[in-house]
Amino acid sequence: MIKKRIIKKLPKSVRVDEFKELIRRIPNKDIISKISFLLSYGSGLRISEVLKLKKEDINKDSIFISQSKYGVERVVPIPKGWRKEFIKYIPLDIKIRTLQRRFKKYSIEAKLNPKYSFHSLRHGFATRSLESGIPINQVQLLLGHSNIATTSIYIKANPIDAIKSYEELF
């Protein structure tokens, strides 16, 4: 019997410059998309967590996630760029599929990687956190992963930085 090899692909992570360009593409009238993208990229929320968020879950320094995947409760930081007036839009009045379509639309306009999905914003949060020096066990807590091996995939998510580090040393 021949075993099939499982190909493990690296997560597709939105980079800081790409996120800024994505946000620039959102028209002012579409505040719901802007808030959604900011919560996922700036706090590491899944799309379902963004949409289940309630006003009482948000305080001045953190967001309490009570309804996450596998029922894991956690606390995440308020994203940079969060404005007090955003709270009036919570809970967000949008369906998952609509939000996913808007992400695709704006990411095409921003000329981002066509393989990106809404979840790539969460991947961007994880990758950026690790690259900034946040210890992996703390990133694990922020993401709500029960196994640190799940979080460790983000260490490998940016081979370009590894190549730059190599070139600087040799």
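What is the volume of the largest pocket? The largest pocket has a volume of about 560 Å³, and the tour of this predicted model starts there.

Before selecting anything, note that residues are numbered from 1 along each chain as its sequence is written, and that side-chain values use heavy atoms, with hydrogens and water left out. Because the model is predicted, local features need pLDDT of at least 70 and side-chain atom pairs count only at pLDDT 80 or more, while totals for chains, interfaces and linings use all residues.

**Stop 1: the largest pocket**

Select Phe19, Leu38, Tyr41, Lys80 and Gly81, which lie nearest the centre of the largest pocket among the 22 residues that line it. A pocket here is an open set of points on a 1 Å grid over the protein atoms alone, where a 1.4 Å probe fits, with protein on both sides within 12 Å along at least five of seven lines; lining residues have an atom within 4 Å of a point. A volume is the space filled by probe spheres set on the points, which are joined across faces, edges and corners.

Now colour helix 1 (16–25), helix 2 (31–43) and helix 5 (119–131), the elements that give two or more residues to this lining. Helices are DSSP runs of H or I with at least four residues, strands are runs of E with at least two, and both are numbered from the N terminus. Helix 1 gives the most to the lining, with five residues. By class, the lining of the largest pocket has twelve nonpolar, four polar and six charged residues (Ala, Val, Leu, Ile, Met, Phe, Trp, Tyr, Cys and Pro count as nonpolar, Asp, Glu, Lys and Arg as charged, and the others, Gly among them, as polar).

**Stop 2: along helix 2**

Stay in helix 2 and select Ile35, which counts as buried at 0% relative accessibility (buried means under 20% relative accessible area, exposed over 50%, and partly exposed in between, with a 1.4 Å probe and protein chains only).

**Stop 3: salt bridges**

How many salt bridges does the structure hold? The structure holds eight, each being a side-chain nitrogen of Lys or Arg within 4 Å of a carboxyl oxygen of Asp or Glu. Select Glu49 and Arg74, whose closest N and O atoms are 2.8 Å apart. Glu49 lies in helix 3 (residues 47–52) and Arg74 in strand 2 (residues 74–77), so this pair ties together parts that are 25 residues apart in sequence. Glu49 counts as buried at 2% relative accessibility, and Arg74 counts as buried at 4%.

Being three residues apart in helix 1, they are separated by about one helical turn, and Arg24 counts as exposed at 58% relative accessibility.

Next, select Lys60 and Asp61, whose side chains meet in a salt bridge at 3.5 Å, N to O. Lys60 counts as exposed at 76% relative accessibility, and Asp61 counts as exposed at 51%. Salt bridges that share partners also join Glu21, Arg24 and Arg25 into one network.

**Stop 4: the cavity**

Return to Glu49, which lines the largest cavity together with Lys52, Leu53, Asp57, Phe64, Ile65, Ser66 and Gln67. Helix 3 and strand 1 (62–65) are the elements that give two or more residues to this lining. A cavity is a set of grid points where the 1.4 Å probe fits but cannot get out, and the count comes to one cavity of 30 Å³ or more. The largest cavity holds about 50 Å³ of space, and its lining divides into three nonpolar, two polar and three charged residues.

**Stop 5: two backbone features**

Most residues other than glycine have a negative phi, and most peptide bonds are trans. Select Ile90 and Pro91, which are joined by a cis peptide bond with omega of about -5°; Pro91 lies in the loop between strand 2 and helix 4 (96–109). Then move to Lys111, in the loop between helix 4 and helix 5, which has a positive phi of about 60° although it is not a glycine. Lys111 is exposed, with a relative accessible area of 72%.
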